[in-house]
Amino acid sequence: MLRLHPYVYHRPKSLKEAVDLLREHAGDVLPIAGGTDLVPNMKHGLFTPGHLVALKGIDELHGIEERDGELLIGAAATLTEVASNYLVREHFPALAEAAAGIAHPMIRNQGTIGGNICLDTRCTYYNQTYFWRKALGFCLKKDGDVCHVVKGGTKCVAAHSADTPPMLIALGATVDIASAEGARSVPLADFFVGDGIWNRRLEPHELVTAVRIRLPEKPIRTLYTKVRERKSVDFPILSIALAATVRDPDVLESIDLVISALGAKPRAIGGLDKIAAGKRLTAEVIEAIAEQAHRQCHPLDNIIVEIEWRRAMVPVYVRRALQDLLENGRGKAAPGDGRGSD
Amino acid sequence: MSEESGKRHDSKRGVSRRSFLGTMGAGTLGVAVTGRTAPAREAVTVESDGTHPVTLRVNGRRFDLRVEPRWTLLDVLRDHLELTGTKLGCSRGECGACTVLIDEQARYACMTLAVEADGREITTVEGLMHGEELGPVQQAFVEEDAFQCGYCTPGQVVAAEGLLRGNPDPDLAEIQKRMSGNLCRCGAYDHIFKAVRRAAELRRSTTH
């Protein structure tokens, strides 16, 4: 049985109270919303804060609404709410699908989109009990100074494993962040950094309060698909998010392709404008995009899945995703292709 | 200690291992149980020691208790309320043995802090009984032989109950999707899916 360590639990009613608590206990405090990532991580001894600040009782963090030409999703909206919300489904169906494919129904009933954006990176040698990690001499990310993935490595390569951020980045989303010092906003594309130990530009005393997506002026097609060992419960081992502006007949005006679950941050595939913009989505263009993705993706042994196979799957799934995007309008992946069971 | 829980510990059955452990737990806890039929005395107040007062409504009964913030809902249900139908499996949100309904929604009790369940309506597998009779989902699991070892079964039953409360007539795809957070290492999935279909029929034909 895995037990939690003792801590003081705070239940603020307002955002102001929450950020003040985070400042007051700086260095020894973490925020908790759904807790679906933090609770098991605490049970594994990966985080042992003396204080927890609970966010679910803060009204300002809830709700999904259209405001000033944007879709605003409060950080404490559960993944079930995001997956089933009519505004999300209407404007960004692939975001609803990304949320609907996370883990399994119980996690989605509890976990939040803010938590998904701030999900801790994952690695075979990290997401283990204290006993397990100790037996191996710990690792760079927690308690140790060696990397078991890259021998002699000095940089942690634990994988960004969250489902909604790749899709949100492809959609050009912005995150709102609050702290006792004030509020700021960052494009999600600039939010993540390639450091597996702490992969987000978010100070420990800061909170993600909302994510905003500009409603598209032109019709867009969006698609999210992923590979995982089982079609439920598991984190992705490869995830692909696509957002494209397409004008008839099938001419791409712009395309954003974000691939994740390989390294410490989601990777926006570069150079697609040259390959695809203004062109029809022909077999040749699809192939060129798939090749470009393959060149830029280099998975590591942070998950026990053969890395050559994982890399080889990148163009395969990009190709399938593009074909789905072409054939199914706004992009619904065909069932049974390795995406979530949802 | 309330009359009702005191009676349970001093019953004529003598001291079982479970009631002994329960008494030990209650010593640090201060449980006040309010039965629907027997209004209990005032809740026992414990001096502030980092515990939080919470009110849990479990299977229609109200429990006022003080919990440590590090106790999960599963810890409280099993170790302090003696509702051991809800099982401890992986302890980290991967298996579903600890599934309970919180405000009608299926959730993992091992991932939910007891303080987070304050004021919520909780249903465990014990709450699906109709007196001494099995509820329709339990009855369907028996009829369809939907288990081998049975360890995951309470979680499966509660997940199925949660599904059927929201959708009284789910198709197979919906059942597979909504039951996907409950693993069965014996692999009794086909029978479990049949049992959920059967449970849907039984629920419709039962008036309760």
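A:Phe192 is buried, with a relative accessible area of 3%, and A:Phe191 is likewise buried, at 0%; buried denotes under 20% relative accessible area, exposed over 50%, and partly exposed the range in between, for a 1.4 Å probe and protein chains only. The structure is a predicted model, in which local features require a pLDDT of at least 70 and side-chain atom pairs count only at pLDDT 80 or more, whereas totals for chains, interfaces and linings use all residues. Residues are numbered from 1 along each chain as its sequence is written, chains are lettered from A and ligands numbered from 1 in the order in which they are written, and side-chain values use heavy atoms, with hydrogens and water left out.

Rings of Phe, Tyr and Trp (its six-membered ring) pair if their centres lie within 6.5 Å; planes under 30 degrees apart count as stacked, over 60 as edge-to-face, and the rest as tilted. One of these pairs joins A:Phe191 and A:Phe192 in an edge-to-face arrangement, 5.1 Å centre to centre with 85° between the planes. The pair of A:Tyr125 and A:Trp132 is tilted, because the ring centres lie 6.4 Å apart and the planes meet at 55°. A:Trp132 is partly exposed, at a relative accessible area of 33%.

According to UniProt (unreviewed entry), the annotation "domain: FAD-binding PCMH-type" covers residues 2-218 of chain A; such annotations are given in the numbering used here with shortened feature names, and may be inferred rather than shown by experiment. Over residues 2-218, chain A is 28% helix and 18% strand, and the end C-alpha atoms are 51 Å apart. Helices (H or I, at least four residues) and strands (E, at least two) are DSSP runs numbered from the N terminus.

Helix 12 of chain A (residues 307-327) comprises 21 residues and reaches 30 Å from its first C-alpha to its last, close to the 30 Å expected at 1.5 Å a residue, the expected span being 1.5 Å times one less than the number of residues. A bend of about 25° occurs in helix 12 at A:Met313, and A:Pro315 follows within four residues; the bend is the angle between axes fitted to the seven residues ending at a position and the seven starting there. Among the buried residues of helix 12 are A:Met313, A:Pro315, A:Tyr317 and A:Asp324. Their cover includes strand 9 (220-227), strand 10 (238-247), strand 11 (251-260) and helix 11 (283-296) of chain A.

Chain B contains 7 helices and 6 strands, and 50% of its 208 residues count as buried.

Key. Contact means heavy atoms within 4.5 Å.
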